[in-house]
Amino acid sequence: MGMTTDTPTKIKQSAELTQKMRDHQDKITELGAQRRKLLMELWESGVPQTTLAEANDVTTQSIYMELRKERESKRELIK
């Protein structure tokens, strides 16, 4: 196939899309941390993991893992 006249434009577009994906991934990471903190707060106040899972349309295992990540991040801050 090879290069065509629109190849440079398409390469630029792909690079722009890659950057947008990186920008969104950073935001997803930030939102995930916020959600983990809130889930932990709710769970520590007595809300069952099953309730949190149903409200977030995820499995109980997903909530368990998010709470585990939050606990681990708290431990890292103490070190």
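1. Leu 77 lies in helix α3; helices here are DSSP runs of H or I of at least four residues, strands are runs of E of at least two, and both are numbered from the N terminus. Leu 77 is exposed, with a relative accessible area of 73%. The scale used is this: buried is under 20% relative accessible area, exposed is over 50%, and partly exposed is in between, with a 1.4 Å probe and protein chains only. From Leu 77 to Lys 10 the C-alpha distance is 44 Å, and the two are 67 residues apart in sequence.

2. A word on the source. This is a predicted model, in which local features need pLDDT of at least 70, side-chain atom pairs count only at pLDDT 80 or more, and totals for chains, interfaces and linings use all residues. Residues are numbered from 1 along each chain as its sequence is written, and side-chain values use heavy atoms, with hydrogens and water left out.

3. The overall fold comes next. The protein chain has three helices and zero strands. Its elements run α-α-α from the N terminus on. The radius of gyration is 20 Å, well over the 12 Å that the globule rule gives for 79 residues, so the chain is more spread out than a compact globule. That radius is taken over C-alpha atoms, and the rule is 2.2 Å times the number of residues to the power 0.38. Along its principal axes, the C-alpha trace spans about 60 × 35 × 15 Å.

4. Now helix α1. It covers residues 7-44, has 38 residues and reaches 55 Å from its first C-alpha to its last, close to the 56 Å expected at 1.5 Å a residue. The expected span is 1.5 Å times one less than the number of residues. Its buried residues are Thr 7, Gly 32, Arg 36, Leu 39 and Met 40. Their cover includes α2 (49-56) and α3 (60-78). Just after α1, Gly 46 takes a positive phi of about 110°.

5. Arg 22 also lies in helix α1. At 52% relative accessibility, Arg 22 counts as exposed. Its C-alpha is separated by 28 Å from that of Arg 75, which is 53 residues apart from it along the chain.

6. Not counting residues up to four places away in sequence, Glu 66 touches Gly 32, Arg 35, Arg 36 and Leu 39. Contact means heavy atoms within 4.5 Å.

7. Lys 74 is found in helix α3 as well. It is partly exposed, with a relative accessible area of 36%. Leaving aside neighbours within four places in sequence, Lys 74 is in contact with Met 40 and Glu 44. The C-alpha atoms of Lys 74 and Lys 37 are separated by 9.9 Å, and these residues are 37 apart along the chain.

8. Check Asp 57. This residue is found in the loop between α2 and α3. Asp 57 has a positive phi of about 55° although it is not a glycine. Most residues other than glycine have a negative phi. Asp 57 counts as exposed, at 71% relative accessibility.

9. Last, the chain totals. Buried residues make up 15% of the 79 residues. Of the contacts with a separation of 6 or more, 52% come from residues 24 or more positions apart. The accessible surface comes to about 6,600 Å², of which 57% belongs to carbon and sulfur atoms. Areas come from the Shrake-Rupley method with a 1.4 Å probe, and for residues only the protein chains shown count as cover.

10. On charge, the mean positions of the 14 positive and 13 negative charges are 3 Å apart. Lys and Arg count as positive, Asp and Glu as negative; His and the chain ends are not counted. Each charge is placed at NZ of Lys, CZ of Arg, CG of Asp or CD of Glu.
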